[in-house]
Amino acid sequence: MSIYKNTQPTVSIYNSECYNPQLLHDIKSVLIIGSGGLSIGQAGEFDYSGSQAIKAIKDSNSNINIILINPNIATNQTSHSLADRVYYLPVTPEYITYIIEKERPDSILLTFGGQTGLNCGISLKENGILDKYNVKVLGTPIKTLVTSEDRDLFAKALNEINIPIAESIACDNIDDVIASANKIGYPVIIRSAYALGGLGSGFANNDTELKNLASQSLALAPQVLVEKSMKGWKEIEYEVVRDHVGNCITVCNMENFDPLGVHTGDSIVFAPSQTLSDEEFHMLRTAAIKIINHLGVIGECNVQYALQPDGLEYKVIEVNARLSRSSALASKATGYPLAYTAAKIALGYTLPELPNPITTTTVANFEPALDYIVAKIPKWDLSKFQYVNRDIGSAMKSVGEVMAIGRCYEEAFQKAIRQVDPSLLGFQGSDEFEDLDEALKTPTDRRLLAIGQALIVENYTVERVHELTKIDKWFLHKCSNIVDIYKYLAQVKDITQLSYKLLLKAKKLGFSDKQIAKSINIEEQLIDELQIRELRKSKGIIPFVKRIDTLAAEFPADTNYLYITYNATKSDIEFNDNGVLVLGSGVYRIGSSVEFDWCAVNAAKSLREQGKKTVMINYNPETVSTDFDEVDRLYFEELSLERVMDIYDLEHSEGCIISVGGQLPQNIALKLFENGYKTLGTSPVDIDNAENRHKFSSILDSIQVGQPEWSENSTLESAEEFCNKVGYPVLIRPSYVLSGAAMSVVNSEEELDKKLTLASDISPDHPVVISKFIEGAQEIDVDAVAHNGSVLVHAISEHIENAGVHSGDASLVLPPQQISSAIKTELLSIAKKVAKAWNITGPFNMQIINDGIGPLKVIECNIRASRSFPFVSKVLGVNFIDIAVKAFLSKHVPEPVDLMSKEYNYVATKVPQFSFTRLAGADPFLGVEMASTGEVASFGANLIESYWTAIQSTSNFKVPLPPSGILVGGDLTKNYIKNVVKTIDTLGFKIYVPNQSTYDYLTSEKEIQSEIIIAEIPADKSKLRKYFQQLDIQTVFNLASKKAEDTLDENYIMRRSAIDFAIPLFNEHETSLLFAKCLQKKVDEKIKILNSNDVVIPPEVHSWDEVLGFKA
């Protein structure tokens, strides 16, 4: 029975006499389920949608108490400025039950936490918790969620209304999967139920391929659907909103550049659709509304179609009855706040009762009409992973995405290409492909460059590229327009020959100044982008600012949501704010994610509190910073030197903040400064002194601060000489990188020669920095804020892992538990010396190692906010970014305070979130190259309690319970494995080892009481699943000392199998030992709680404000 009583259509919000929304009147508190750590397939878009939901509820009724569970401490939604209560706990049915028992909420929102939230909601309903505590599900009912997720029920529901879907059969075992595929006929696609981002899905052409794929899929999900493949068809999406009385609209339709076969999260997407006829558009729109009404969705929904490229046949691929990645993109593409509206609808509002935020004079019950085009391109980071399969298919692999807005396809497309990789000029080729036809035929993360190479360099026709890629010719013809401009520019022999007409045409088609400079053919004369800029401005070619207008100018738009274009004759706004520019972090990628969005949003908030107008520049649709109610003006634009200067000039800005958006804004800081643009905070000249290794090192020497020995080498001989002098291992950082090589640890001269001859080009033009790598040392992070060279606040976080694991992949503990008062004093002294030497105003971060022998050594210093700023701010209850903004403005600057000298009765641990499950074949070995896609954190009374809770907060983590099996292996020359096994020895686990030598190693001293069982890992991959299932292996400890030489390596197979079969993996000795200690202390308590008939709340279940003792 529906919780919504009124079923009658309602009147408009602007019909004020009769306006009387029938809201759910008995809602006093709402529990919102967050999505947890950022991972491939479930990223920052849920921070945006969750934040919007909280705002919507508070706007409706500020008395409603909002409780949020989300361990992702880097997010904006986990702030007290939004939620009333925040729990940094695992998003699992178990922990949600504890919160329901403790808080007694009367309602719950499940559709704003991605697949995680939705799966938890279904589980809570099935196990009777929601009914037991009388918790109402707001918005789309559970029955609808189950129908949309269970592939069999979904197929039946759509058949009831004669909506075509792909021929498919639901299966829950491998034998049925094989039989179904042979019945349907190859090729087939497998889809997992209850999974996100195509996890566990893939294509198979025969029984062997299918068996391997199905083994992994069924390890990740209880049910799979075997479907006939429709590779090569068009893929179209509709975002639909429906209220509880049946008002239903399609907000946005989108078309994939790539044909079906590439997951929509990994596809280039355009909105609105570009190649559909009016008949096709309305056919799919009508079907979407019919589906949503039949399923009974209340809120927001996404429908994906496969459409025949040369006919009117279509099939529904799937329906997501929740906010999704596409919802965030559609919201930002149209300016229609889908998540905000969905939350309002969940409270009982109908669409006519809500205002349209773009016009503020019409209602939300409208379908946007766009007078611009939006391009989305995914961001992959596959080059960071050893043995990863770079093909792109039905399972998502991208870590982020960009969105660009233009008045024509070419303008939006070229902007988006530069946004996703600032080293690219725009649409361009690459000579990296040995077999170009194969590179065009097989979708990979590099295929767009192959298309550029074919059209621009190799003179392929549109027809030939279409034949190979199956990409619609319309898109390829548009790409050819860009190729034509390249050809015209190549004929320019002198900059004075660059005509007004050609320059304007190039700018209208999205060419950047740098792209034009590189494209003109001038012998022995280097032209840079600033010369093109000067020429362009002298000819009166300047960009215009347009508002996002979702009614195509039929009604006046009233929004601060802006973009830049050359396809206009005037700007839509006046420039009299003189606002401060805040440069955002751009696309989410490994190393720069939601933590920098938190920094940017908080910088803007603090500026507004100080009475400053704010201008945000960012182009990431997944972020809160690109939410137009966060700032006075939002430019959805590139973070390039050219674009930032354009906006600064247009806005007559009073300054620019370049230190809260990660590395991207820092890369243009010095050029901005040299061209007369004011940056707030530390001078870009001083920042450059920290980025340049030579300058950095000599300044550290001059202030008597230690550092590892290092050398910059331009020949192989000098590199060998330095390494022999300091001794191996060493850390090398090539300046010029080939084939994805980056920082790496080298243990011998042979390895050094291999790295420097194969992986990089060592020469005077491309020197390689080599430093002594100190093994077994403790690594410490220091985050701080200074004003005019004096430290105002600082935080000391200790790494659980020793130096050698990238700080972004390390587990951080705050307040530190193993650092003496003397070391803390020395760390503060170093921070003060560094702040003074670089005259820092604003945020900075240092990584320091303590080898326990000599003085502390600084290994890195970034004069900007770091990824740990949200963590330290929330754990200590002091907003470091707010203090940094006051330092920038020299206004209300607080007195210095030593937060590390205070006593704290709690510990917080931040642990990395990895996405190896998504990256087929990738070796989950940790080293100096960052691999994690996100982070989670939890509080506890001590280190054991906080780490125990935090590790359970990582995605799909299942605590091993005795008498299950634990598989151990790795380096037998050290005591690491032995120490782990000794710690869990008496807990009742079965201990398995892969070979006789590991058995001998563990049994030699007869210290271990548990039976050690040899269980050799099968060489046949298809038998691996059975191996792990039969032995009931629930955790793998693999403590190898180095990366695998090849994929037949036993340690690699152990690690990779743990990932493929969703088994917790520990592959670093300090965290392995800590988790073993957690099991020793906590597993009995866990079993007792799980076996209790009553709900027993474990000691770690405390809200953030309860832990701190106040609301930060």
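Two strands count as paired here if DSSP finds at least two bridges between them, and helices (H or I, at least four residues) and strands (E, at least two) are DSSP runs numbered from the N terminus. With that in hand, valine 785 has valine 793, in strand 29, as its bridge partner. The model is a predicted one, so to speak of local features takes a pLDDT of at least 70 and side-chain atom pairs count only at pLDDT 80 or more, while totals for chains, interfaces and linings use all residues. Residues are numbered from 1 along each chain as its sequence is written, and side-chain values use heavy atoms, with hydrogens and water left out.

Strand 28 (residues 778-787) pairs with strand 29 (residues 790-802) in the antiparallel sense, over 9 bridges. The two make a hairpin with 2 residues between them, and asparagine 788 in that turn has a positive phi of about 50°. Strand 28 also runs antiparallel to strand 31 (residues 842-850), again through 9 bridges; here aspartate 781 has glutamine 847 as its bridge partner. As for cover, 10 of the 10 residues in strand 28 are buried, where buried means under 20% relative accessible area, exposed means over 50% and partly exposed is in between (1.4 Å probe, protein chains only). Gln778, Ile780, Val782, Ala784 and Ala786 point one way from the strand, Glu779, Asp781, Asp783, Val785 and His787 point the other way, and all are buried.

Strand 7 (residues 188-192) and strand 8 run antiparallel and are joined by 3 bridges, with isoleucine 190 partnered by glycine 202 in strand 8.

Contact means heavy atoms within 4.5 Å. On that basis serine 49 touches Phe112, Leu323 and Ala339, leaving aside residues up to four places away in sequence. Serine 49 sits in helix 1 (residues 45-60) and counts as buried at 3% relative accessibility.

On to the nonpolar cores, each a set of buried Ala, Val, Leu, Ile, Met, Phe, Trp, Tyr and Cys residues joined through side-chain atoms within 4.5 Å. The largest has 209 residues, and Phe413, Phe427, Leu498, Val834, Trp838 and Phe844 touch the most other members. Apart from it lies another core, of 56 residues, with Leu31, Tyr98, Ile108 and Ile291 among them.

Side chains of opposite charge can pair when their charged atoms come close. A salt bridge is taken as a side-chain nitrogen of Lys or Arg within 4 Å of a carboxyl oxygen of Asp or Glu, and this rule gives a count of 51. In one of them, arginine 533 meets aspartate 646, with the closest N and O atoms 2.9 Å apart. Arginine 533 belongs to helix 19 (residues 529-538) and aspartate 646 to helix 21 (residues 641-651), so the pair ties together parts that are 113 residues apart in sequence. Both arginine 533 and aspartate 646 are buried.

Lysine 1082 turns up in two salt bridges. With glutamate 945, the closest N and O atoms are 3.7 Å apart; this pair links distant parts of the chain, lysine 1082 being in helix 35 (residues 1069-1091) and glutamate 945 in helix 30 (residues 943-952), 137 residues apart. Lysine 1082 is buried with a relative accessible area of 7%, and glutamate 945 counts as buried at 10% relative accessibility. With glutamate 1085, the N to O distance is 3.3 Å. Glutamate 1085 and lysine 1082 both lie in helix 35, 3 residues apart, or about one turn of the helix. At 28% relative accessibility, glutamate 1085 counts as partly exposed.
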